[in-house]
Amino acid sequence: MASSALISETEQWKNLKQHVGEIQKTHLRDLMNDVDRCKSMMVEYDGVFLDYSRQRVSQDTMGKLFKLAEAAHLKEKIEKMYSGQKINSTENRSVLHVALRAARGKEIYSDGKNVVPEVWEVLDKIKDFSEKVRSGAWIGATGKPLKDVVSVGIGGSFLGPLFVHSALQTDPEAAEYAKGRQLRFLANVDPVDVARSIKDLDPETTLVVVVSKTFTTAETMLNARTLREWISSSLGAEAVAKHMVAVSTNLPLVKDFGIDPANAFAFWDWVGGRYSVCSAVGVLPLSLQYGFSVVEKFLEGARSIDNHFFSAPFESNIPVLVGLLSVWNVTFLGYPARAILPYAQALEKFAPHIQQLSMESNGKGVSIDGTPLPFEAGEIDFGEPGTNGQHSFYQLIHQGRVIPCDFIGIIRSQQPIYLKGEVVSNHDELMSNFFAQPDALAYGKTPAELLQDKVPDHLVPHKTFTGNRPSLSILLPSLSAYNIGQLLAIYEHRIAVQGFVWGINSFDQWGVELGKSLATQVRKQLHASRVDKKPVQGFNFSTATLMSRFLEVNTSYDKTVLPKNVI
Ligand code: F6P
């Protein structure tokens, strides 16, 4: 193991550690009175407005955080990423999701090769294919147009596309393009997910897109084989060529599976799974549903933030600012979680996507060269759209644990409603909460205020809000495909910033391997016990007991069984 210059050993880190004491003496109630401070904590770029004045920081703190960024060589690391250097050192890979949304003429190199032409070759192929399917020029085996798509994939091959799909569903322009079409996802290997994903679908009019970077993920491959069986048992084996296509970096395995390589959409090992929504992983299913022109706007929104992240000074660089603030919250103030609270139902799948993006990227215990970290990196991300969350976990956020919150608000609703005679429109009602909650968290309510309100003495402790709970607010002009792309890129880069400062590798994911390999042993045992009646052996007492109990119920492996409602 190499010895490492840990960021925690730098003067800049130690200065921040010392500075924590000063911030602990402050209260957001007072910090918020300083208008100059607040003004300095508002940033705008390309319609995205960030207000971080409700973070537990002073201007001095921010100066110290910028110095920390310098000590961590943040600028150089960003440049290394954009120039295709192999910053994912444990996998010896470049990290170039920015190339996925680069303008056609841009040059970005990996291994000495400009990758942008290949990116556009695949995008052009997706445009062509999706237009053929949407127009009915590409038809199914029985001559019918394919109006429904099931995208089979898990993790990064699922969560990003699901987030973008659910965000676009109610965008008027996207919805118009999606008329008469359905896009569904099959991720979990649970057969119940198979049944749900194909419920009421007809194989004759369905296209299955198998999405897997490696084309070896056990869940995805079993689900793909299951849907292949669903198609071929109903339409014959030859129908697979018309009804199944693939997205992968592993084209030989796509061919072995039986999908025509002409119907495979490539991406590259320099795209991490959780950073792949802008590759064919997301672009293909989303273009089939909404048309390529809508998805292109999503890519353009992400590109706008890529340019900003690369070139803006740290003081006005949105991903850098929010990344540094998360480092401050997690590592210096010791808040282990982050709540993602979009006041937009269309962003209901945003937090689940960020969970993977953030926790798979930064949930690490060693530095990039393998030295155990003497501090906590990564954070627990969770969230729900407001106002639903307010009626669920906000109690804990207001009076229990301190959880820094991201409030995300939209200026113009995708689907405005105003009922004559109501005090406000429905969207203004939603946004009243978006504006109120951060202040409730920051200011709280003191016992003195409660007594003034004539609250009985015995209830005062219960009704007291300590306040001083940090949040940041992001306001987007609307939730168009372009804005969705911007939001995605802000979070992708924020997470990279955190990892760069912590000095970890945000682009590998070795932590998911152990469970997978143990499942392989269990799978072998289940087969041996069910088929050859072999006793359970080689497991600890607990696992053996649980497995034996599970195996007591006899389920037959004799014939192919597909969900009942479709056969
Ligand atoms: O969960 C581990 C992981 O490798 C993720 O990083 C990835 O997004 C997911 O599995 C799916 O992988 P693949 O696209 O190769 O099927």
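Start with Phe 298, which touches Val 164, Val 277, Cys 278, Ala 481, Tyr 482, Ile 484, Gly 485 and Leu 488, leaving out residues up to four places away in sequence. Contact here means heavy atoms within 4.5 Å.

A word on the basis. What you see is a predicted model, in which local features need pLDDT of at least 70 and side-chain atom pairs count only at pLDDT 80 or more, while totals for chains, interfaces and linings use all residues. Residues are numbered from 1 along each chain as its sequence is written, and side-chain values use heavy atoms, with hydrogens and water left out.

Now the core. In soluble globular proteins, nonpolar side chains tend to be buried together. A nonpolar core is a set of buried Ala, Val, Leu, Ile, Met, Phe, Trp, Tyr and Cys residues joined through side-chain atoms within 4.5 Å. Buried means under 20% relative accessible area, exposed means over 50%, and partly exposed is in between, with a 1.4 Å probe and protein chains only. The largest core has 129 residues, and Phe 298 and Leu 347 are the members that touch the most others. Helix α21, residues 481-502, gives the most to this core, with 13 residues. There is also a second, separate core of 24 residues, including Leu 186, Val 194, Val 210 and Phe 257. Helices (H or I, at least four residues) and strands (E, at least two) are DSSP runs, numbered from the N terminus.

Is helix α13 largely enclosed by the structure or open? Eleven of the eleven residues of α13, residues 280-290, are buried, so the helix is largely enclosed by the rest of the structure. Among them are Val 281, Leu 284, Pro 285, Gln 289 and Tyr 290. Just after α13, Gly 291 takes a positive phi of about 90 degrees.

Next, the ligand. Which residues are closest to the ligand? They are Ser 157, Ser 212, Thr 214, Thr 217 and Glu 360, out of 14 residues that surround the ligand. A residue belongs to this shell if one of its heavy atoms lies within 4 Å. By class, the shell has two nonpolar, nine polar and three charged residues. Ala, Val, Leu, Ile, Met, Phe, Trp, Tyr, Cys and Pro count as nonpolar, Asp, Glu, Lys and Arg as charged, and the others, Gly among them, as polar.

A ligand oxygen is 2.7 Å from a polar backbone atom of Gly 156. A ligand oxygen is also 2.7 Å from a polar backbone atom of Lys 213. At Thr 217, an N or O atom in the side chain is 2.5 Å from an oxygen of the ligand. On its own the ligand has 390 Å² of accessible area, and the protein covers 87% of that. Such areas come from the Shrake-Rupley method with a 1.4 Å probe; for residues, only the protein chains shown count as cover.

Now the backbone. Most residues other than glycine have a negative phi, and most peptide bonds are trans. His 73, not a glycine, has a positive phi of about 60 degrees. This residue sits in the loop between α4 (59-71) and α5, and His 73 counts as partly exposed because its relative accessibility is 42%. Phe 215 has a positive phi too, near 60 degrees. Its loop runs between β7 (206-211) and α10 (218-235), and at 3% relative accessibility Phe 215 counts as buried. Gly 386 and Thr 387 are joined by a cis peptide bond, with omega about 10 degrees. Thr 387 is in the loop between β11 (380-383) and α17 (394-399).

Gly 386 also brings us to Leu 341. The C-alpha atoms of Leu 341 and Gly 386 are 6.0 Å apart, although 45 residues separate them along the chain. Leu 341 is in strand β10, residues 337-342, and is buried, with a relative accessible area of 0%. Beyond four places in sequence, Leu 341 touches residues including Glu 384, Phe 393, Tyr 394 and Phe 407.

Last, a loop. Asn 88 lies between α5 (74-82) and β3 (109-110), and counts as buried at 3% relative accessibility. Its contacts, leaving aside neighbours within four places, are Arg 93, Val 95, Asn 505, Phe 507 and Asp 508. Ala 102 lies in the loop between α5 and β3, and is buried at 5%. Among the contacts of Ala 102 are Trp 120 and Arg 303.

Notes
A polar contact is a pair of N or O atoms within 3.5 Å; within protein, one must be able to donate a hydrogen and the other to accept it, and residues adjacent in sequence count only if both atoms are side-chain atoms.
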